[in-house]
Amino acid sequence: DGKRVVSGSKDTLVQIRDSKTCSVVRTLTGHSDTVWCVGFSPDGRRIVSGSSDKLVKIWSAKTGAELLTLRGHSREVTSVAFSSDGTCVVTGSYDKTVKIWDAKEGTKFCTLRGHLHPVASVAFSPDSKRVVSGSFDTLVKIWNAATGAEMRTLRCHADFVRSVAFSPNGKLIVSGSDDKLVMIWNTETGARVGSLTGHSGWVFSVAFSPDGKRVV
């Protein structure tokens with residue numbers, strides 16, 4: 001609903017703030033190291049966080065209670081995201097794997113292996129049927145979320161891929177890299193449909209606008 005903002009910090013805390021007043025509504029404690037990534041569930045009732053302590057935690061956004069701790073990564077957790085229906089969580093880690101979890105039970109559905117270096121960014125497609133991952137191995141991979149099978153590998157970046165995202169209709173993927181480029185890809189064919197220049201340094205974060213017509 002846009003009324004709250006969640007943040008993760010090197011101080012190990014997850015904080016929920018009022019988006020209008022910027023005041024801290026709730027502080028979530030439980031991680032023992034840097035919190036690299038956070039996200040709300042689609043209904044706004046839960047929060048997921050990933051940390052250098054190798055743990056993924058799911059919290060109640062209303063009470064701040066820790067609902068689940070997901071254990072399985074062997075290194076820092078760098079990226080987390082809920083599926084569109086809120087039933088699953090996808091995580092990426094420095095251990096080079098992507099994992100998909102049951103967000104209600106905390107059990108692991110599958111581990112996606114294929115990247116040769118740390119995974120920096122993960123996301124579900126809008127229909128939750130696919131997962132995209134970007135890695136320090138310069139590759140973007142698309143996976144079947146139900147089976148864990150690798151569907152496609154997108155190659156063009158010349159350096160670490162820091163961020164990936166699906167378009168709202170699921171037909172495109174955007175990626176940002178240390179090669180200073182932003183690339184747009186067709187998810188069905190794997191073809192690169194655009195290479196956006198203009199940055200003079202690493203690209204850390206990318207996203208589509210809600211209508212899918214713009215990239216930031």
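Analyst: The account below begins with the aromatic cluster and then turns to its setting.

The model is predicted, so local features are given at pLDDT of at least 70 and side-chain atom pairs at pLDDT 80 or more, whereas totals for chains, interfaces and linings use all residues. Residues are numbered from 1 along each chain as its sequence is written, and side-chain values use heavy atoms, with hydrogens and water left out.

The structure holds three aromatic pairs. Rings of Phe, Tyr and Trp (its six-membered ring) are paired when their centres lie within 6.5 Å; planes under 30 degrees apart make a pair stacked, planes over 60 degrees apart make it edge-to-face, and the rest are tilted. Tyr94, Phe136 and Phe160 are linked by such pairs into a cluster.

In the pair of tyrosine 94 and phenylalanine 136, the ring centres are 5.7 Å apart and the planes stand at 80 degrees, so the arrangement is edge-to-face. This pair links distant parts of the chain: tyrosine 94 belongs to the loop between β9 and β10, and phenylalanine 136, 42 residues apart from it, to the loop between β13 (130-135) and β14 (140-144). Strands here are DSSP runs (E, at least two residues), numbered from the N terminus.

Phenylalanine 136 also pairs with phenylalanine 160; their centres are 4.2 Å apart and their planes at 5 degrees, so this pair is stacked. Phenylalanine 160 lies in the loop between β15 (150-154) and β16 (161-166), so the pair ties together parts that are 24 residues apart in sequence.

Buried means under 20% relative accessible area, exposed means over 50%, and partly exposed lies in between (1.4 Å probe, protein chains only). Phenylalanine 136 is buried, because its relative accessible area is 12%. Tyrosine 94, at 27%, is partly exposed, and phenylalanine 160, at 29%, is partly exposed.

A nonpolar core is a set of buried Ala, Val, Leu, Ile, Met, Phe, Trp, Tyr and Cys residues joined through side-chain atoms within 4.5 Å. The largest such core has 13 residues, of which Val90, Val98, Ile100, Leu112, Phe124 and Val131 touch the most other members. At least two residues each are supplied by β9 (88-93), β10 (98-102), β11 (108-112) and β12 (119-124). The largest share, three residues, comes from β12.

Beyond its neighbours within four places in sequence, valine 90 is in contact (heavy atoms within 4.5 Å) with residues including Val80, Val98, Ile100, Phe124 and Val131. Another core, of 12 residues, lies apart from the largest one and includes Leu68, Leu70, Val89 and Trp101.

Serine 83 sits in the loop between β8 (77-82) and β9. Serine 83 counts as buried because its relative accessibility is 2%. Its contacts, with neighbours up to four places away left aside, are Pro42, Cys88, Phe124 and Ser128. Although serine 83 and serine 125 are 42 residues apart in sequence, their C-alpha atoms are 7.8 Å apart.

Methionine 183 is buried, since its relative accessible area is 1%. Outside the four places on either side in sequence, methionine 183 touches residues including Cys156, His157, Ile173 and Val174.

Methods:
Helices (H or I, at least four residues) and strands (E, at least two) are DSSP runs, numbered from the N terminus.
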